Amino acid sequence: RNPAHDRFRGFNFPYSQEMMKIFHKRFGLHQFRFNQLEAINATLGGEDTFVLMPTGGGKSLCYQLPACVSPGVTVVISPLKSLIVDQIQKLTTLDIPATSLSGDLGDREAGRIYMQLSRKEPIVKLLYVTPEKVSASNKLISALQNLYERGLLARFVIDEAHCVSQVCFQVYTQSAECVQTFTFNPPTLILQWGHDFRPDYKKLHELRKKFPQVPMMALTATATPRVQKDIHNQLNMRQPQVFTMSFNRTNLKYAVLPKKPKKVDEDCISWIKKHYPRDSGIIYCLSRNDCDTMAESLQRAGLLALSYHAGLRDGEREYVQTKWINQDGCQVICATIAFGMGIDKPDVRYVIHASLPKSVEGYYQESGRAGRDGEISQCILFYSYTDVHRIKRIISMDREGDGHTKATHYNNLHSMVHFCENAMECRRIQLLAYFGELKFNRSFCKEHADVSCDNCARPNKYKLRNVTDDVKKIVRFVQENCEKVGSRFGKTAQQNRLTLNMLVDIFLGKHPAPSQSALFNCEPVKTAVSHRPGTKSAKVQTGMYGMGGAYSRHNADRLFKRLVLDNILMEDLYITNGGQAVCYISAGARATSVLAGHMQVEFYETESTSSIRKHKAAVAKNVSQREEKVKECLEELTSLCKQLGKAFGIHYYNMFSTSTLKKIAEKLSCEPEELLQIDGVTEDKLEKYGAEVIQVLQKYSEWKLPVDDPTDNDGDGWIDTRAGRTNYGEEDDTESTYFSSRPVQGQKRKKAPFFKYSKRKAYGNTGYNSKGRGYGTSKSRSSSAAGRGDWGSAGEAAASRRPGFLSLPTPQSHQRPFLKPSFSSFG
């Protein structure tokens, strides 16, 4: 913890009692995660704040809870429409008034939102906009100016703040793959994910000039220390309070597996069937064609897979995305790297990279789309050095990038290759060190065997050798025998174009192809080498041929790749007439340092992947009968949420998260009072969905365990607010002052929630009537349609929505009546 943040800890602020009431009642939470409370108190105190938390760390609560406490409107600037839709959907299920202003809103709908913003006390608490909207809409700026002058502009929130930085990651992606979210034109082959990622983010510094007294909060999951400083400067933040967490995703298990380029689809299929035959996952591929081929292979193997890339029409991409998010006929999505940005699907159990990512930042972000619900998930990378040549070809063909930009991307690529080639060091330590986190617990994987990375899980059989003498001979051979591609002068008669694999063959003394016989074949140098009958024999003076006889092919290959990564050797890219990328070896910038004795080279020899002993599969433990019932109940609850999600037109995981469902299933209690002790369960949610959930739980009530002590804490840095709670808790049914000015029609009753006395029939039956809720037969439903809109068709329902808010979770069929959130009824 940072001692400078001590003043932001605790619950002794004027707003604390009201904040905790909303925290418990509205969000259904009982514990703050690390740094959440401090960040919330800082922004409520009017400070500029910078929040760096990994995916799943709870960034959203850091601004959503303050928005409910502060008078006025919190403006959230978010880069992706899909992310905005998902956030508003979550807030809607919590009955928190949120809306968005986007370019695809009709004039009438947008007009209603502007009308609400101009009211004396706007009901809207969170207004989501894109950076393009802020930059281009004078009407929006005027509305914000009006709020500012009346003291009702609470704060600006910059989500995905790394997009602001001019020194941000520089991750390359094909522009054609970005079309589903952005407006880039396909002719440019490559785009830079730095400040060019969203140009309008660069203009957000003007907000500080126009609204100098409005506090600002910037949030991101990925930012190096250099990027963090740049974000502060770009946004003109005033001495921001910086709240950071470890980049470590504690529930992710990392592994790098050898890739057989022509059989990678078979390897993906066997891995998925072995580990997650029925769970959601993502497979990232390098090209559109790779996506289609992978999806077809998975389909033939009986897996529900679809491809997703810019070659599909907008409607097709939306269809694929929706089916995958809702697990409705799509289990695996095979996509290019553009997919997933802004997709907050929590129960992705695995992310597979079927090809090499272009940077460590890109890999961290893409792999981070797994396990957002906190459950153990796996990140698999199939690695082959041939992918390096493919990516280098893409970088070299970028007509927009200058020499410096391309060099940056080559360096990023080499960092990713370093990560894959490093078979000794913990994967987590490598990732975290890249982001400047150098004090991470190096024993983490050993202490948490269930999420141990591949390097920590395998036996430590490494041998450190000083190979400087061998490297000197390799460098001399390359200088004398390897032609520098593109060099007009200095080529000698004995120089040829040699690839890395050819050099490894020479080093090991392998039989060469006939065309290279004059160069390869030589009298043995300290190593007996048999030669192909009938070939020439000419001594190579450097003595490199066969010098690596003591090396295995695996280690010799690793050594030469290491020399390329350390810039002792370098690969020169050459594009053939057929468009194929070939990399030829020449001496690198640090070659002279090795020859001069200024640089020593140490190398870890390891066992090949095939020789490493495979660990025996863990013996399946005996599962108790109750554990089986818990698993059975969880599957039934998940299925129920998917049904309800379809009926209400919302993502099923926005009703109850995976972790919440898991805790409900573990309790096997149908008592509302006990369910309300679970994070993510609120009275509002029980009123909306409780009848069906409780009906499922009643079948398992005999397996219920005794009630646990709610004050138990696992000591992981969370702040449990249930211990020592004051009288603003369960017995105080009064609403927050900022939610109390709603029409009486939508307010909660003071008496017990309906699920304590309502005996409704099972989901899907339409003949029930719920006392006091307006539920009834089709006859009574039609009579009350004026206040809620007719449910006869989606078009008619859309026409009756008020006052331009994002589509409220209204049933998509006549199977189940629904109580709309109270904030939807404006006067």
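Select threonine 660. Threonine 660 sits in helix 25; helices are DSSP runs of H or I with at least four residues, strands are E runs of at least two, and both are numbered from the N terminus. Its relative accessibility is 3%, so threonine 660 is buried. Buried means under 20% relative accessible area, exposed means over 50%, and partly exposed lies in between, with a 1.4 Å probe and protein chains only. Leaving out residues up to four places away in sequence, threonine 660 touches Ile678, Asp679, Gly680 and Val681. Contact here means heavy atoms within 4.5 Å.

A note on what is on screen: this is a predicted model, where local features need pLDDT of at least 70, side-chain atom pairs count only at pLDDT 80 or more, and totals for chains, interfaces and linings use all residues. Residues are numbered from 1 along each chain as its sequence is written, and side-chain values use heavy atoms, with hydrogens and water left out.

Axes are lines fitted to C-alpha atoms, for helices over the stretch in contact, and angles run from 0 to 180 degrees between N-to-C directions. The classes are roughly parallel under 35 degrees, roughly antiparallel over 145, roughly perpendicular from 65 to 115, and oblique for the rest.

Now show side chains. On helix 24, pick Arg626, Val630, Cys633, Leu634, Leu637, Thr638 and Cys641; on helix 25, they meet Leu661, Lys662, Ile664, Ala665, Glu666 and Lys667. By class, this contact has eight nonpolar, one polar and four charged residues. Ala, Val, Leu, Ile, Met, Phe, Trp, Tyr, Cys and Pro count as nonpolar, Asp, Glu, Lys and Arg as charged, and the others, Gly among them, as polar.

**Helix 10 against helix 11**

Next, select helix 10 (residues 264-275) and helix 11 (residues 288-300). Their axes come within 10 Å and cross at roughly 45 degrees. Helix 10 and helix 11 are therefore oblique to each other. Helix 10 passes helix 11 in a right-handed crossing. Val264, Asp265, Cys268, Ile269 and Ile272 of helix 10 meet Met294, Ser297 and Leu298 of helix 11. The class count is six nonpolar, one polar and one charged.

Zoom out. The protein has 827 residues, and 55% of them count as buried. Its largest nonpolar core holds 145 residues; Ile158, Leu356, Ile474, Leu503 and Phe507 touch the most other members. Helix 24 (residues 625-648) gives this core its largest share, eight residues. A nonpolar core is a set of buried Ala, Val, Leu, Ile, Met, Phe, Trp, Tyr and Cys residues joined through side-chain atoms within 4.5 Å. A second, separate core has 35 residues, including Phe32, Leu37, Ala39 and Val51.

Center on isoleucine 158. Beyond its neighbours within four places in sequence, its contacts include Ile77, Val164, Tyr201, Met216 and Leu235.

Move to serine 78, in the loop between strand 3 (73-77) and helix 4 (81-93). Serine 78 has 1% relative accessibility, so it counts as buried.

Then select helix 20 (residues 500-508). Seven of its nine residues are buried, so helix 20 is largely enclosed by the rest of the structure. The buried ones are Leu500, Met502, Leu503, Val504, Ile506, Phe507 and Leu508. Just after helix 20, glycine 509 takes a positive phi of about 75 degrees.

**Two glutamines with positive phi**

Select glutamine 239, in the loop between helix 9 (225-234) and strand 10 (241-244). Its phi is near 40 degrees, positive in a residue other than glycine. Glutamine 239 is exposed, at 74% relative accessible area.

Glutamine 327 lies in the loop between helix 12 (314-325) and strand 14 (332-335). Its phi is about 50 degrees, positive although it is not a glycine. At 22% relative accessibility, glutamine 327 is partly exposed.

**Last stop**

Finish on asparagine 411 in helix 15 (residues 403-421). Asparagine 411 is partly exposed, at 49%. Asparagine 411 and leucine 565 are 154 residues apart in sequence, yet 9.0 Å apart in space, C-alpha to C-alpha.

Technical notes: A crossing is left-handed if the near helix is turned anticlockwise from the far one by less than a right angle, and right-handed if clockwise.
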